[in-house]
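Please find below my note on the model. The points run from the overall fold to single residues.

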Amino acid sequence: MNLLRKNSIFLFFLILSLNCTITLKPRVNVSLIDATDALEKQILGEFKIIESNYLYIEDVSVKVEKNFKKEDTIFYKAMKERIYFEDIINKYKKKHYIGEAENGRLEVLKKDALNSDSELLDNVNKTVGIDNNAREIIVKYIAKKNNELDKINFYWNTFYKIQVKKSESGTFFESNGIWKQKK
């Protein structure tokens with residue numbers, strides 16, 4: 001045996017006899033984004049769960065979802081409701097039945113026009129109610145997970161800006177108390 005190999009074997013046994021621990025660090029790719037982008041992605045549902053100091057971008061399987069806390073399950077239900085009703089809400093926005101209010105919620109705009117069709121008015125009101133409730137859950141959940149419930153107005157303002165940005169041109173949004181059409 002050559003001297004280098006003997007020294008390697010000796011060093012290996014010396015480490016084992018001294019009960020030393022060797023830690024191997026895996027190579028990890030990390031992408032950094034600023035806080036506003038992270039918040040935007042959380043609100044849009046691209047970050048599926050916030051746990052400790054980590055943000056995960058994975059779809060949740062039913063098996064994993066069972067291990068969530070009650071608030072996590074409520075949050076996911078709210079996200080699913082928003083996804084489910086998204087097409088209907090966009091249709092109502094295009095017809096100018098509803099718009100994005102500055103407080104971060106949807107608001108019915110054409111109540112008088114909808115009164116002639118009470119079934120449509122009921123559907124619009126129910127959809128707006130479900131979506132606004134889901135928005136409430138989502139915004140509070142994210143603020144709580146970020147330990148910033150005291151800054152809830154910032155989260156609502158950010159949520160409002162994101163929704164206006166996502167809305168198609170021709171839809172209505174509130175700005176300084178005045179309803180405007182997005183160009």
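1. Basis. This is a predicted model, in which local features need pLDDT of at least 70 and side-chain atom pairs count only at pLDDT 80 or more, while totals for chains, interfaces and linings use all residues. Residues are numbered from 1 along each chain as its sequence is written, and side-chain values use heavy atoms, with hydrogens and water left out.

2. Overall fold. The protein chain holds seven helices and six strands; these are DSSP runs (helices H or I, at least four residues; strands E, at least two), numbered from the N terminus. Their order from the N terminus is α-α-β-β-α-α-β-β-α-α-α-β-β. Of the 183 residues, 32% count as buried, that is, under 20% relative accessible area with a 1.4 Å probe and protein chains only. Among contacts (heavy atoms within 4.5 Å) with a separation of 6 or more, 52% join residues 24 or more positions apart.

3. Helix α6. This helix covers residues 118–145, 28 residues in total, and spans 40 Å from its first C-alpha to its last, close to the 40 Å expected at 1.5 Å a residue. The expected span is 1.5 Å times one less than the number of residues.

4. Packing of α4 on α6. The axes of α4 (residues 70–94) and α6 come within 8 Å and cross at roughly 140°. Axes are lines fitted to C-alpha atoms, for helices over the stretch in contact, with angles from 0 to 180 degrees between N-to-C directions. The two helices are therefore oblique to each other; angles under 35 degrees count as roughly parallel, over 145 as roughly antiparallel, 65 to 115 as roughly perpendicular and the rest as oblique. The residues of this contact divide into 16 nonpolar, two polar and eight charged.

5. Positive phi values. His 96, in the loop between α4 and β3 (98–100), has a positive phi near 65° and is not a glycine. Asn 147 follows α6 and lies in the loop between α6 and α7 (152–166). The phi of Asn 147 is also positive, about 55°, in a residue that is not a glycine. Asn 147 counts as exposed at 68% relative accessibility, the cut-off being over 50%.

6. Phe 173. This residue is in strand β5 (residues 172–175) and is buried, with a relative accessible area of 17%. Phe 173 and Gly 99 are 74 residues apart in sequence but 5.2 Å apart in space, C-alpha to C-alpha. Leaving aside neighbours within four places in sequence, the contacts of Phe 173 include Glu 100, Tyr 160, Val 164 and Trp 179.

Definitions and conventions
Nonpolar A, V, L, I, M, F, W, Y, C, P; charged D, E, K, R; others polar.
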